[in-house]
Amino acid sequence: MLYAPLLVGSLCLVFNYLVYSRRVAQWRKSNIPFLSPSFLIGHKYFWGVGSNSATVVPLDRIYQENKDKDLVAFFIATLPVVLLRKPALIKQIFARNFDEAFKTGFAVSHNDVITPHMLSQSPDKKVWKTHRNALSPMFVTTRFSGKRFAKIRNQISLMWTHVEEARLQGKPINIKEVAGMFFQDIISNSFLALDDNSYVKEGEFRKFLKSLVEPGWGKLLGVFAQMHLQRIPTLESLKFITQKHIETMKSLLQKQIKQRSQTGDQRNDLIDLLIRLKEQDQDGKLDSEMDVTNEMISLGLSLLLGGKSVATVDNMVSFTIHLLSLYPEYQERIRQEVKEAMEKHNATEFTYEVVRDLHFLNQCLHETSRLYPNTSVITRVCTEDFTPAGTDYIFKEGELIIVDPYSIHRDPEYFENPDVFDPDRFSPKNRDSKSVDAFLSFGKGPRKCPGSNVALLVASTLIGSLLHKYEVRPYSHTKQMDADDFHPRSFAIVHKDDVLVNVIPREILAY
Ligand code: HEM
């Protein structure tokens, strides 16, 4: 009885050892500098990840200790990776060598019919290109102007009411929760035509998103397993997107498509887009019982999960409000900017045009994502052997390349006084090509985040309207957060504790 597991275990060990020694020999031959690995346990700096340190902590130590190198290879447990350290090399590989290093490495098993078709995970360039083109109208921010912004104004009122109720009860504001409800209701409304009001009742869509972004061991190991095992089926409990998520997405789409076929509305949203694609495909007319195909589910998940299925906009907003609570002078500049934009557009309330003119607030959002980039690791997998121009490094097919935006963003070579929150470094006057290349919060090259402008628009609307009414003061975090404040069991950079702030109405301050 015991022989079988022993035999399988020994075979795994031998297999792992062969892979490990082959990779080390390959790095040596390819001129890629590497850190002496320990078989099976990888680099020791990663041992604390998950229990007491976030992923960026060991990555940053390795980045700092290898200042003289363009790149450095090592093992994270049994996973071999090459960390790129220089923005010029990242640009070269992510943009110019796109064809040779196109995959993100998240692909899962052969029998998975959904995730390999998702934008951020698709290992097939044709599928990726078709889906990226198909979804591109959804990322145009003018979609949010006019009537759609009237809906967003409704969200602003709901947010103000929620904040005011908490204030009157003497409670601090949980900014991540407020931002999560605001963002998710806007997304569910503008892409799926759902009329959720999360401030009153948690809708199906919010529950669905929350279950995807909650940090934990399962999620952390799931990402690791997906990167590592590639084509081997992953346990359901370790999957990022489970069968339950797929079923929920399917029934949501089915319900909305049926409704659309009955009302005949045209809303230029995801539902319209999916119906159009299906009609083109079948050369047919809209049918209320139209089958929701796997492709439609993949497109829906690609758009609604914001690429990496992490709490991106919630995070950006809560880190920004945290920083602004420590810098009242920047809050004041934003208020002044809101006032001027309203005057310029002759507006008495928030409009799309007003928000688009909040340039200093936009700089604050960029500066926050420099200090706290949401994604701790951006990945590429080499699809063939190649040598980046101007180097003698040989990247072999299958090599996993990683980039750590957090360390590059805090490198004084690219950003002076990197730990200081200074939104003016992103002003048009101060921006230079060195810092533009080194800014990696939204990725690089043809796969860079297509939703960044939507994210910035929603975040500006929320922060601009909150600061228009209130002054924000720190409550839970009275000094600037650092890596010790990050959640150890998240693949993203998220704070481990709630960000709570006090709000003081401006009319009260005026007296
Ligand atoms: C603060 C907010 C956000 C941040 C920091 C962020 C960051 C990123 C990053 C780092 C990537 C990987 C880029 C690369 O591999 O080079 C990415 C990809 C992606 N993001 Fe975002 N994102 C945000 C919001 C959004 C939103 C709101 C949407 C959708 C409405 C979105 C849709 C996507 C998609 C579809 C991809 C995959 C692109 C591809 O592989 O072609 N993102 N995002």
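Q: What makes two residues count as being in contact?
A: Their C-beta atoms, placed from the backbone, must lie within 7 Å. By that rule, Met316, Phe319, Thr320, Leu323 and Leu324 of helix 12 meet Cys364, Leu365, Thr368 and Ser369 of helix 15.

Q: What kinds of residue make up this contact of helix 12 with helix 15?
A: Six are nonpolar, three are polar and none is charged. Nonpolar here covers Ala, Val, Leu, Ile, Met, Phe, Trp, Tyr, Cys and Pro; charged covers Asp, Glu, Lys and Arg; the others, Gly among them, are polar.

Q: What kind of model is this, and how are its residues numbered?
A: The model is predicted: local features need pLDDT of at least 70, side-chain atom pairs count only at pLDDT 80 or more, and totals for chains, interfaces and linings use all residues. Residue numbers start from 1 along each chain, as its sequence is written.

Q: What makes helix 12 and helix 15 roughly perpendicular?
A: Helix 12 (residues 312-326) packs on helix 15 (residues 359-371) at about 105 degrees. Angles of 65 to 115 degrees count as roughly perpendicular, under 35 as roughly parallel, over 145 as roughly antiparallel, and the rest as oblique. The pair is therefore roughly perpendicular. Their axes, lines fitted to C-alpha atoms over the stretch in contact, are 9 Å apart.

Q: How do you know that helix 9 and helix 11 are roughly perpendicular too?
A: Helix 9 (residues 243-263) and helix 11 (residues 294-304) make an angle of about 100 degrees, with axes 10 Å apart. That angle puts them in the roughly perpendicular class. Ile246, Met249, Lys250 and Leu253 in helix 9 meet Met296, Ile297, Gly300 and Leu301 in helix 11. Six of the residues in this contact are nonpolar, one is polar and one is charged.

Q: Why is Thr293 called partly exposed?
A: Thr293 has 16 C-beta neighbours inside 10 Å. Buried needs 20 or more other C-beta atoms within 10 Å, exposed means 12 or fewer, and partly exposed is in between. Thr293 therefore counts as partly exposed. Thr293 sits in the loop between helix 10 (270-282) and helix 11. Its C-alpha is 9.9 Å from that of Gln254, although the two are 39 residues apart in sequence.

Q: What makes a group of residues a nonpolar core?
A: The members are buried Ala, Val, Leu, Ile, Met, Phe, Trp, Tyr and Cys residues, joined through C-beta atoms within 7 Å. The largest such core here has 121 residues. Val317, Val458, Ala459 and Leu462 have the most contacts inside it. Beyond its neighbours within four places in sequence, Val317 is in contact with Ile175, Ala179, Ala459, Leu462 and Ile463.

Q: How do you know that strand 1 and strand 2 pair?
A: DSSP must find at least two bridges between strands for them to pair. Strand 1 and strand 2 have six, in the antiparallel sense. Phe74 stands opposite Val81 in strand 2. The two strands form a hairpin with two residues between them, and Ala77 in the turn has a positive phi of about 50 degrees.

Q: What makes strand 1 mostly covered?
A: Six of its six residues are buried. Leu71, Ala73 and Phe75 lie on one side, with Val72, Phe74 and Ile76 on the other.

Q: Why are strand 1 and strand 4 called edge strands?
A: They belong to an open sheet of four strands, ordered 1-2-5-4 with mixed pairing. Strand 1 (71-76) and strand 4 (378-381) each pair on one side only. Strand 2 (residues 79-84) and strand 5 (residues 400-403) run parallel, joined by three bridges. There, Leu83 stands opposite Ile402. Helix 3 (residues 87-96) lies across strand 1, strand 2, strand 4 and strand 5, at about 115 degrees to strand 2.

Technical notes: Axes fitted to C-alpha atoms, helices over the stretch in contact; angles between N-to-C directions.
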